[in-house]
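Please look over the sequence and the model before reading on.

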Amino acid sequence: TAGGWGAVFLASNKSAADAATDAAAKEIEKAAPSPAPAGGTFTFGAKPSKASAVAEVEPAVAAPAGGGWGDAFLAANKSAGDSASEAVAKEIEKASTPVPAPAAFSFGAKPADAPSNAA
């Protein structure tokens, strides 16, 4: 068995996952925009300007390096993560430091002296 899962379960799970992936791919293909018609784009009678022709030729701007998150948010998130990491390190250090054991409870009486054998 793989990680405690039976081979039959793993095989059926894989086939179900493959079927779901195929279904999702088909849905994406259905939702994709259709290609531009062969005759060009309808312009409502106006000739395309040079600027719009250049815009069609220029490649799309790449997504920001942060995956769409702003630099300020990423910096604040990193700062918060660093603070949390430091706090965890302090807690681990505190937990690993031995604490001295308290003295035994004595009920307020002094222990008796051992009897002497002076007879």
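**Salt bridges, helices and aromatic pairs**

Lysine 94 and glutamate 91 are joined by a salt bridge (a side-chain nitrogen of Lys or Arg within 4 Å of a carboxyl oxygen of Asp or Glu), with the closest N and O atoms 3.5 Å apart. This is a predicted model, in which local features need pLDDT of at least 70 and side-chain atom pairs count only at pLDDT 80 or more, while totals for chains, interfaces and linings use all residues. Residues are numbered from 1 along each chain as its sequence is written, and side-chain values use heavy atoms, with hydrogens and water left out.

**Fold elements**

- The chain has three helices and zero strands, where helices (H or I, at least four residues) and strands (E, at least two) are DSSP runs numbered from the N terminus.
- Read from the N terminus on, the order of the elements is α-α-α.

**Salt bridges**

- The structure holds four salt bridges, and the one between lysine 94 and glutamate 91 lies within helix 3, where the two residues are three apart, or about one turn of the helix.
- Lysine 94 is exposed at a relative accessible area of 58%, whereas glutamate 91 is partly exposed at 48%; here buried means under 20% relative accessible area, exposed over 50% and partly exposed in between, with a 1.4 Å probe and protein chains only.
- Helix 3 (residues 71–96) also contains lysine 78 and aspartate 82, which are four residues apart, about one turn of the helix, and form a salt bridge with closest N and O atoms at 3.1 Å.
- Of these two residues, lysine 78 is exposed with a relative accessible area of 54%, and aspartate 82 is partly exposed with 36%.
- The side chains of lysine 30 and glutamate 27 form a salt bridge with an N to O distance of 3.5 Å, and because they are three residues apart in helix 1 (residues 7–31), about one helical turn separates them.
- Lysine 30 is exposed, its relative accessible area being 63%, while glutamate 27 is partly exposed at 47%.

**Surface**

- Buried residues make up 0% of the 119 residues in the chain.
- The accessible surface of the chain, calculated by the Shrake-Rupley method with a 1.4 Å probe, comes to about 11000 Å², and 65% of this belongs to carbon and sulfur atoms.
- Trp5, Phe9 and Leu10 make a nonpolar surface patch of about 300 Å²; patches consist of residues with over 30% relative accessible area and no salt bridge, with like charges joined within 9 Å and nonpolar side chains (Val, Leu, Ile, Met, Phe, Trp, Tyr) within 5 Å.
- Phenylalanine 9 is placed in helix 1 and is partly exposed, at 40% relative accessibility.

**Aromatic pairs**

- The whole structure contains two aromatic pairs, the rings of Phe, Tyr and Trp (its six-membered ring) being paired if their centres lie within 6.5 Å, with planes under 30 degrees apart counted as stacked, over 60 as edge-to-face and the rest as tilted.
- Tryptophan 5 and phenylalanine 9 form a stacked pair, at 4.8 Å centre to centre and 25° between the planes, and tryptophan 5 is partly exposed with a relative accessible area of 49%.
- The rings of tryptophan 69 and phenylalanine 73 have centres 4.8 Å apart and planes at 25°, so this pair is stacked.
- Tryptophan 69 counts as exposed at 51% relative accessibility, whereas phenylalanine 73 is partly exposed with a relative accessible area of 41%.
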